[in-house]
Amino acid sequence: MNQDTTLSQMDAEKKSEEIITRKPSLAEGTVTSHQGANPPDFNQLAINNAIESIGMGRYQWQLMISCGFGFIADQMLLVSISLVMPQASKEFGPRYGTLLSATQYAGLGVGAVVYGLIADLTGRRLAWQTSIFGVSVFTAICAASPNWAALNVFVVLSAFFGGGNWDIVAIDLTVLVLLLLIRKGFVDSLWIAWPLVVNFCCPAGATPETCTKANNMGWRYLYIILGGLCLIMSVLRTFTLGMSESPKWLVSRGELNEAVASINTMSKVNKSTYVMMVDQLRPHEHEDSKSAIKKAASMVGALFQGSKQIRSMICLVILWLLIGIAYHTPPSTARERYPVYTVFLPYYLEAHGATLGDGSTYQTYRDWSISSVVGIWGPILSAFLVQVPFLGRRRSMTLTACACAAFSGAFTTVKNESQNLAFSSMINFWLNALYGIIYGYTPEVMPDAYRGIGCGLTLACGRIASLSAPFIATFGDVTTSVPIWVCCAFFGVIGIVSLVLPFEPGDSS
């Protein structure tokens, strides 16, 4: 190796180390990560340096838009199930209609884990391209369900790809402001469903004897429209907003030529003059003879190496389990929604004398829209909070979790519709702020080579935890305040656990 090449490598390493030790900026489109006992090697640092040299440009903006499609698709799934359940139940007459959401959460959880493994074993690009397409196909097929069993099957298949889509988005994007698109997808689905439910679904109190397919097509139209929208997003993601394979994943696999090609593609799209050469990276041995099962086990094991990384994973699992149960949407409209707190609260308030309006479809969708729009601003606050040196990610999570606990507990004092709407909006605001930080923080502290399975496992914990909500809502006592205060306690624990997390991305320690 000649002297110029050696100096080039030393310069790349020095610049990369500088990037690792400074605070990351959301505006730059790059995020550095702590790796516990497995700090980034020279090649990872060199890739970080290359991305920094290229800078924010068209490639990152295309990636953001594509990720936004993923957020919208995920929220379409979650929102549509709450809108479909009551309408399809009138037609099919299932014994436990609210358990349809449990089916969806099971699919989301399995999809997150499986797609996480696929992303780490075969690369991000394939999983990225197939996830929304799968959602579009099976969401549209849901509209053809002839009975309740078939609807459950198609819902779980759609959710499987949805879980993978959510996981893949988490791997390469942690810009918190983009979580605005979560709520945008939420509101879009709501506004699409509103006229369909009012005009093309059976009236309240209908039974399978009086509610036929012909006069209950609204929820089917909703699934067809959402499936079509997802198909359009899938085509745009694949052919218009294309992405190269992740260079960090490629170097972790020892595929240095491919990693350099990916970096140079990024530079070309951004119209940057930066050009990376293979000799800027160090070749290393890569073990590729293991079976898929052994590779998967090895990747999971790598997530728990070193005391700090172990502590980080345990805390993240706890956070996602708790928020999977406690995270919810506006209580005023959540009779068929998730999770525990939201499912119980409307019934609890009515049982204790609260007057929540006339319960009309107009009021329901109006209140839902208002608190959803208010919730949009939560992630904007998060984006500012995490940049405050004293707060960072961890203390910002604590602050937003405590706010959630305070407003959730105070909600039990609601006595009229105005108070209900006001508290719903504030809870939704702080929940989105909290969720945005946790979602952004999780991939930041995962080892680059195992970020897919790491995000998949933690996100799956949240989905699996949410499975409890439909069962509690179906078989629980809606007049007791215990679930409400339990969820308040969960938010408090989230705040405490956030302070115990060992890593603050951007710290030099």
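Helix H3 (residues 58-92) packs against helix H8 (residues 218-240) at an angle of about 165°, and their axes are 9 Å apart. Helices here are DSSP runs of H or I with at least four residues, numbered from the N terminus. The axes are lines fitted to C-alpha atoms over the stretch in contact, with angles running from 0 to 180 degrees between N-to-C directions. That angle makes H3 roughly antiparallel to H8, a label used for angles over 145 degrees. The crossing of H3 and H8 is left-handed, meaning that the near helix is turned anticlockwise from the far one by less than a right angle. As for who sits in the contact of H3 with H8, there are 18 nonpolar residues, six polar and three charged. Nonpolar covers Ala, Val, Leu, Ile, Met, Phe, Trp, Tyr, Cys and Pro; charged covers Asp, Glu, Lys and Arg; the others, Gly among them, go down as polar.

All of this comes from a predicted model, where local features need pLDDT of at least 70, side-chain atom pairs count only at pLDDT 80 or more, and totals for chains, interfaces and linings use all residues. Residues are numbered from 1 along each chain as its sequence is written, and side-chain values use heavy atoms, with hydrogens and water left out.

On to the cysteines: a search of the whole structure turns up one disulfide, the term standing for a pair of cysteine sulfur atoms within 2.5 Å. The partners are Cys202 and Cys211, with their sulfur atoms 2.0 Å apart. The torsion about their S-S bond is about 90°, so the disulfide is right-handed. Both Cys202 and Cys211 are buried, that is, under 20% relative accessible area with a 1.4 Å probe and protein chains only (exposed is over 50%, partly exposed in between). Cys142 counts as buried too, at 2% relative accessibility, and so does Cys461 at 17%.

In helix H15 (residues 378-385), the buried residues are Gly378, Pro379, Ser382, Ala383 and Leu385. They cover an arc of only 165° around the axis, which puts them on the same side of H15; the arc is taken over the directions from the helix axis to the C-beta atoms.

Most residues other than glycine have a negative phi. Lys271, though not a glycine, has a positive phi near 60°. Lys271 lies in the loop between helix H10 (256-269) and helix H11 (292-302) and is exposed, with a relative accessible area of 74%.

Notes:
Helix = DSSP H or I, 4+ residues; strand = E, 2+ residues; numbered from the N terminus. Parallel < 35°, antiparallel > 145°, perpendicular 65-115°, else oblique.
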